[in-house]
Amino acid sequence: MSNAVSRLFKSRFGVRLAVPAVVAVGAVGTALIYPQVVSASVPSLAPKTPAQLIESALTPTGKIYSGTVVETSGLGLPSSLVNQLSGGSTSSGLSGLLTQALTSGVTANFWTDHSSSLRVQVPSSSGEFDVYASAGSVWEWDSATNTATNVKLPTGTQATSGTTSTTSTPPSPSTIADALLSHLPAGATVTVDSPQYVAGQAAYVLNLAPNDSSSLIGSVQIAVDASTGNVLGVWITPTGSSSVAFSVAYSAVSFTAPSSSVFSFTVPNGATVKTVTPSTALSPTGGSSTTTPSVTHKTIGSGFSTVEVISGLPQSSSSGSSTLMSGLLGSGTKVTTAIGSGTVVTTSVATVFVGDNGTVAFGAVPQSVLLADLGQA
Amino acid sequence: MAELITTAGLTKSYGEKLAVDSVDLSVPEGSVYGFLGPNGSGKTTTIRMLLGLIFPTAGEIELLGHPVPKETTRALVDVGAVVEGPGLYPTLSARRYLQRMSRYGRGERRRALSARAQGDAIAVAPDIDAALEMVGLSKVGNRKVKAYSLGMKQRLSLANALLYPRRLLILDEPTNGMDPQGIVEMRELIIKLASQGTTVFVSSHILSEIEQLCTHVGVIQHGRLLFQGEMGELRGQLPARLSVGTTDQSAAGQLLRARFGLQPRTEESGLLTMDRGAVAIEDIASALVGAGIGLYRLAEDRPTLEEAFVALTGEASDVS
Amino acid sequence: MFLEELGYVIKRRRTLVSFALLAAIPIFLGVVLDIVGSPGGGHGQGPAFFDKVTHNGVFLGFTAVLTAQLIIIPLIVSIAAGDTIAGEATDGKLRYLLSAPVSRTRLLAMKSLVALIYATAAALTVVLVGLIVGAALFPVGPVVTLSGTQISLLDGIWRLLLVGLLAGASTFSIVAVGVFASTLTDSTIGAAAVTFGTVIILSILDGIPQLAHIAPLFLTHYWQTSIDLMRSPVVWSGILKNLLEQAGWMVVFFGAAWARFTTKDILS
């Protein structure tokens, strides 16, 4: 065998084969190794202190007008839930996307003019889900069902990019980072990791390690664009694990304003048209950031072990019509707590309690801590 | 005279087996060179190496002054070839086949033309009708090749080699599958082409077919070139044979034995035959007549190519 | 020589049968849809755009080419590419072609180029027949993109042609693999079978999650990105990756084919 091989390399064929062989090795190397080399390569940046970085992250100098956001999730959801969600009959539209975001990940392109218009495009292999938001009108478009949904915002509310992005799309890296950084005083060790390239930009990496041992979060890394201060990515690693459980990061960004044509939408001929008001347009999990008059909101604890408690939501049985909600409840554990019975679902970075009486509590803490905190509610 | 084909130490081995073993060919321009050998002796392998179809294990080839395989295409502009039987497209007509083949290498042909002096110009446009005419396929040129007999296919292969005027024709067993009439026509065609100045390198294992047309011969056996030279030279290697017919054969035999040291044998026909050795024929004639023996026949028989071949290789050429 | 090669391939009976088969796909899809109507519900079942054909005949071209791209076009391209050298080697034709003053590199390049054109023509045939049949059987009009925006009929047809060209270009890697296989054997069928088998195996492996980290190397990996042309704005990144993928396979396998063919003993 080795004889045959050595003969091959001495033969004319062997000599000429070396040309494509080298190219093949080069191509495989480029395709598989180069991205890792790039992501592992360290941009040379002047050192900055954590405080300087946080400041530049909170006051970015350049605006990101468009880009691609990649969200990945390895939350360690109960397998029965994952199966139920991904096996769901037609997981199209928003609830399908949320399922996908929770179980694997979502990639979305977005464009904004930073004043009145936002466009989000979530391509899939056979179709696309879109949000077109501009002054006064928000449309959701689902190509799989050929349906355009007009989201009627409550009067007096402006359709701004801020509102719509929280209702319909994976949150951008900067909104998550802002939330995290505003919680900082509550106790985390902040260090600066070695810089990285994110979306082709040289970026500083801020590392937050919670001091609170009762938190499920082991560390949070935040990439801050060296030249503009924009947050380019957030990676959350659970306690006692080395793999990222949840991340949101840009894979491409553009700092130039997009053409206004990307925002325009008119209902195409033959499409089904629906109209909804936000309370039904919102998904069950999206409810956390919106407060309607009958809902009360409370926090227990501080920092990374904060538990949010929301009471007065519609009864879980009535909102259980969504695949996500029923799946969530079906996969959880029935518990009885100080504020009544309900269901607990744990993931690698968060625990959620859904009470039968319409109370929802969640936090980045283990089940035992969450249930103990509920006793103080 | 220039050599159109020369090889030096040409060798081809397949693993341990030597198919062609250190062959030094030398084919002069203007010759009709018969490349002779039994089946499996290495003829076809040598020819394929000459045309750049297979690569030598060792040795050098020069074809029309161009090293092969390095400059094969430049040499092939002036070469027509028939290689080991026909290679045709069953669904094409003869005419269409020749058209297709003529379109291969047109670029190289044009390039060669522009590089040459005016007087040495070569044809760029093929003459399909003339080629079909030469091989006697004019009347069936539009018929699909799959309806052809083996002999007709062989003729068509030859027509392909004759699409352009060539300096050199390399013909590997061109008469394979042909009827006697075809073989005669082939022979006449080769003689005609040779008279027009085309050098012909023709291989065969049927010596009688090419005996009358070759000026030069190479004999190959087991991959080794046993003889190469002019036809007369090959025959000259065998001693000339005498046959003697007299009125008293036993007296004649004794006289030839005693006077000249010859070794006559009596054939069934009653004639005495012997190798002539260095003895002059007129000395024999005068000796016999002087001894009062009536002489009615004294002839020297030239050895056939077949006899020379057998003497050289120890086997008959046509073993198939 | 190039025109001769092209003409020779076009006039072959195998080519006629193959292209008739390709044309039959949109005809069959169109007639079935015309008789039974649009699938109920229209929830994205079946081939891409399948539920839109009866509303706009232009989509028949899309549906047909995206369907044919998976099996039929690769099969037909595998056969054509596998035939390039091996087809000449059968019946000893190759030794006569190479006895003409043609370098092997040039012969291989011409044969490969014709096979690439053949592959492109195969995809465009499906698209064009789809467009014609779609226009004959169904209404045509402005086209709704996947993003829900409307583009003019002309723009829609233009994008349809681009999808067809991309479907053709997506098989260039198959041509390269097939030509290489063709230099290894004297059997067209053998070379074609190896090539098509490679495509099928790679497309199966492409779906295995455990191989996700090497899947981008598979020639089939970015085939479905041609649908990105139907987005607004067009998403180019996947399409460019596909073209890069095809180019990589072409360089490697055409290179290997060249290495093999220019050093091979022609014994047939």
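**A covered helix and its surroundings**

Author: Happy to. Around the buried residues of α6(B), the cover includes β7 (79–82), α3 (94–103), α5 (128–135), β8 (168–172) and α7 (180–195) of chain B, together with α5 (93–97) of chain C. Please keep in mind that this is a predicted model.

The helix itself runs over residues 150–161 of chain B. Its twelve residues should span 16 Å at 1.5 Å a residue, and the end C-alpha atoms lie 17 Å apart, which agrees. The buried ones are B:Met152, B:Lys153, B:Gln154, B:Arg155, B:Leu156, B:Ser157, B:Leu158, B:Ala159, B:Asn160 and B:Ala161.

Let's move on to the nonpolar cores. The largest has 155 residues, and the members touching the most others are B:Ile170, B:Phe201, C:Val65, C:Val175, C:Ala176 and C:Phe253. Helix α6 of chain C (residues 104–137) contributes the largest share of this core, with 14 residues.

Two of the residues named for the largest core, C:Val175 and C:Ala176, bring us to helix α8 of chain C, which covers residues 172–184. This helix has 13 residues and reaches 19 Å from its first C-alpha to its last, close to the 18 Å expected at 1.5 Å a residue. Twelve of the 13 residues are buried, so α8(C) is largely enclosed by the rest of the structure. Among the buried ones are C:Phe172, C:Ile174, C:Val175, C:Ala176 and C:Phe180. The partners that the buried residues of α8(C) pack against are α4 (72–89), α6, α7 (153–169), α9 (188–205) and α10 (237–261), which belong to chain C.

Now step back to chain C as a whole. It holds ten helices and two strands, and along the sequence they follow the pattern α-α-α-α-α-α-β-β-α-α-α-α. The radius of gyration of chain C is 20 Å, close to the 18 Å from the globule rule for 268 residues, so the chain is as compact as a globular protein of that length. The C-alpha trace of chain C spans about 60 × 40 × 25 Å along its principal axes. Of the 268 residues in chain C, 55% are buried. Among contacts in chain C between residues at least 6 apart in sequence, 75% join residues at least 24 apart.

Finally, a look at chain A. Its contact with chain C takes 31 residues from chain A and 29 residues from chain C. On the chain A side, α2 (12–40), β3 (118–123) and β4 (128–134) each supply at least two residues, and α2(A) gives the most, with twelve. By class, that side has 17 nonpolar, ten polar and four charged residues. Within chain A, the domain assignment gives domain 1 (3–63 + 173–244), domain 2 (66–171 + 259–281) and domain 3 (293–376). Six residues of domain 1 are in contact with four residues of domain 2.

Notes: Residues are numbered from 1 along each chain as its sequence is written. Chains are lettered from A and ligands numbered from 1 in the order in which they are written. This is a predicted model: local features need pLDDT of at least 70, side-chain atom pairs count only at pLDDT 80 or more; totals for chains, interfaces and linings use all residues. A nonpolar core is a set of buried Ala, Val, Leu, Ile, Met, Phe, Trp, Tyr and Cys residues joined through C-beta atoms within 7 Å. A residue is buried if 20 or more other C-beta atoms lie within 10 Å of its own, exposed if 12 or fewer, and partly exposed in between; C-beta atoms are placed from the backbone. Helices (H or I, at least four residues) and strands (E, at least two) are DSSP runs, numbered from the N terminus. The radius of gyration is taken over C-alpha atoms; the globule rule is 2.2 Å times the number of residues to the power 0.38. Two residues are in contact if their C-beta atoms, placed from the backbone, lie within 7 Å. The expected span of a helix is 1.5 Å times one less than its number of residues. Ala, Val, Leu, Ile, Met, Phe, Trp, Tyr, Cys and Pro count as nonpolar, Asp, Glu, Lys and Arg as charged, and the others, Gly among them, as polar. Domain bounds come from an automatic or database domain assignment.
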